[in-house]
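I'll jot down what I look up as I go.

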2 protein chains.
Amino acid sequence: MKLENDLLLRTARGEKVERPPVWLMRQAGRILPQYRALRGSLSGFKELVETPPLAAEVTIQPVDELGVDAAIIFSDILVIPEAMGLTYEMVEKKGPWFPKTIESLADVKNLGSGENVIGELQYVFDALAITKKELNGRVPLIGFAGAPWTIFSYMLEGSGSKTFSKARKFLYQEPEAAKLLLEKITDTTIAYLKQKIKSGADIVQVFDSWAGILPPHQYSEFAIPYLRKICEAITEVPVIVFAKGAWFALPELGALDCQVLGVDWNMKVGDLRGKHNIQQVLQGNLDPCMLYASPQVVRSETLQMIAHFGGRHICNLGHGVYPDTPLENVKVFVNTVKGSSYS
Amino acid sequence: MKLENDLLLRTARGEKVERPPVWLMRQAGRILPQYRALRGSLSGFKELVETPPLAAEVTIQPVDELGVDAAIIFSDILVIPEAMGLTYEMVEKKGPWFPKTIESLADVKNLGSGENVIGELQYVFDALAITKKELNGRVPLIGFAGAPWTIFSYMLEGSGSKTFSKARKFLYQEPEAAKLLLEKITDTTIAYLKQKIKSGADIVQVFDSWAGILPPHQYSEFAIPYLRKICEAITEVPVIVFAKGAWFALPELGALDCQVLGVDWNMKVGDLRGKHNIQQVLQGNLDPCMLYASPQVVRSETLQMIAHFGGRHICNLGHGVYPDTPLENVKVFVNTVKGSSYS
């Protein structure tokens, strides 16, 4: 089906466009009253993730309410460890928690991986198919996965962490087991993303949320090679890589075979294009807290960001939108981008 | 009293030295069995902070047990908000918690500040005086404070946070109230550090633990000017500034009137001296998780770090030592530095 609005895809492919496309990380979520109402009627987060018609419904909500240029499938990066054999729970107000974590090479060997296990995630593929049908070509649909290092972190740590010292200890103490696990996650992620694309994803994003916690030499050894493998395997659609906090790895990220690089709000576009000579299309990077300012400030800062990037740019925040962000300001952000022009 | 070992001070003043000095952030703490034994006999963390002979005892423990080249007074950065009128509690396994936080300009105006309030912190000054006497000139004594932005974050947020979005929201919504609060914290911090120096501190460190969460333009506006004011006010002893994660502010940090810049494990010394042309003595930056590796690896990585820095360097980790670090490896780290030589 031909898309009515393919601005995101044209931009990701590096074509000259009339204005930047806009969407927000976590746009399908607590900023929307429709989401909160639906979520409040359910037993928990996982029920929403695992019930395709409901996941499709919240995926489409921001397209209706905000008029963004893309939908991103409502799901969680932790479905991958679950498919591999480590189930997670989502604890209200605390975040994810794994009853069992990886502690040894034997644990790694016991995990499933690759195409064999992604059948477990049929509910994700069904959600994509329903969403695709219901979107009816209005905007592209984004699929996503966690980067291998970030998924690894959760599988070792068992939850979020300030230091991720358990996951990082494993890199120093069991580097070979760590690499085997990263390989298994990578293979599973590739199979998963390919099936997402078959189910309707027009573009995919890989989130390396915990990139910034590694020293440069470890990011080069335990993160970049697996990102590279994913980027090289996904040839069907454009790939966005968002490695939050990995400013020190910009030369390696810039060399990845991905079409778009997501950047956080610490990074200055002048440095990215200049000092670091990044060639990919860039996505980001308004400070998510900027949306707490007045609508006038949101508007002027958004226009300033568009001017600074000056093209080859997908407008987004530098992180997921925070749940208590005023909806009015989210709309000002989106509408300011939609009213802008490169002419 | 003349110091037997003044290597840290000579290095901080930029003198040519025989080897780098070594100490660890959080060396007085849970890595030491002596500390855990004493802490276990007390009602809580604050009892230890507020009882000068006990604070002195744990300050000296790592000098005895590890042979480090400096003692750092056992205390907490949150004594400053407490002196200004916001008491904190230290919740076991959760961290600091403020029953009352700053929500408005009126709240800011109600806070005390400067020399008037530091009398509340006599227990800190007493702890320094006792420590100084008991150290008997063995090694220098480090005093410390939180940087204004980091202290501000806790006063707004009321606890640690993944996003510090409450504190950051205040910068966008109430910039003038924010600046008044930062001024008050700065004035109090200067009075506090000066009194610490009078009580025996030979050098002081300012910790900007949450530096990395601000966008560059806000770090320039809401953090750097207050750090600058502190650095210019403290002329009695050398000043170390450690702004964790503030790689984007390196030109401004490099221009501060401080003798030493602390750096985290994301930063490469070649870039610091080369690309960023940092002139200050540098402190850091072994990855704290490196101390989970084998003693052989700890030794070789420590020697490699010393060689990379090549002088004008204080050996430390790039963050506080993690509580579950093997004591043996901490000793290997310290002893490797002490056995090294620039010759």
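I started with strand E5 (residues 203–208) of chain B, which pairs with E6(B) in the parallel sense over five bridges. Strands here are DSSP runs of E with at least two residues, helices are runs of H or I with at least four, and both are numbered from the N terminus. Two strands count as paired if DSSP finds at least two bridges between them. I noted one opposite pair: B:Gln205 faces B:Ile240 in E6(B).

Housekeeping before I go on: this is a predicted model, where local features need pLDDT of at least 70 and side-chain atom pairs count only at pLDDT 80 or more, while totals for chains, interfaces and linings use all residues. Residues are numbered from 1 along each chain as its sequence is written, and chains are lettered from A and ligands numbered from 1 in the order in which they are written.

**Strand E6 and its sheet**

Next I checked the other partner: E6(B) also pairs with strand E7 (residues 260–262) of chain B, in the parallel sense, over three bridges. There, B:Val241 has B:Leu261 as its bridge partner.

How many residues of strand E6 (residues 239–243) of chain B are buried? I got five of its five. Buried means 20 or more other C-beta atoms within 10 Å of the residue's own, exposed means 12 or fewer, and partly exposed is in between, with C-beta atoms placed from the backbone. In a regular strand, side chains alternate between the two faces of the sheet. In E6(B), B:Val239, B:Val241 and B:Ala243 are buried on one side, and B:Ile240 and B:Phe242 are buried on the other.

Zooming out, I found an open sheet of seven strands in chain B with parallel pairing, in the order E1-E4-E5-E6-E7-E8-E9. Its edges are strand E1 (71–72) and strand E9 (313–317), each pairing on one side only. I followed E9(B) to its neighbour, strand E8 (residues 281–286), and found five bridges joining the two. B:Gly284 stands opposite B:Cys315 in E9(B).

**A helix in chain A**

I then picked helix H7 (residues 122–135) of chain A, with 14 residues. From first C-alpha to last it reaches 20 Å, close to the 20 Å expected at 1.5 Å a residue (the rule is 1.5 Å times one less than the number of residues). Its buried residues include A:Val124, A:Phe125 and A:Leu128. Among the elements covering the buried residues of H7(A) are helix H4 (52–66) and helix H10 (175–198) of chain A. Just past H7(A), I spotted A:Asn136 with a positive phi of about 55°.

**Chain A as a whole**

I looked up 16 helices and nine strands in chain A. Buried residues make up 54% of its 343 residues. The C-alpha trace spans about 60 × 50 × 35 Å along its principal axes.

**Where the chains meet**

Last, the interface: 19 residues of chain B are in contact with 19 residues of chain A (contact means C-beta atoms, placed from the backbone, within 7 Å). Helix H9 (residues 165–173) of chain B gives the most to chain B's side, with five residues. I also noted that 100% of the interface residues of chain B are interface residues in chain A too, so the copies meet through the same surface.

Notes
Contact = placed C-beta atoms within 7 Å.
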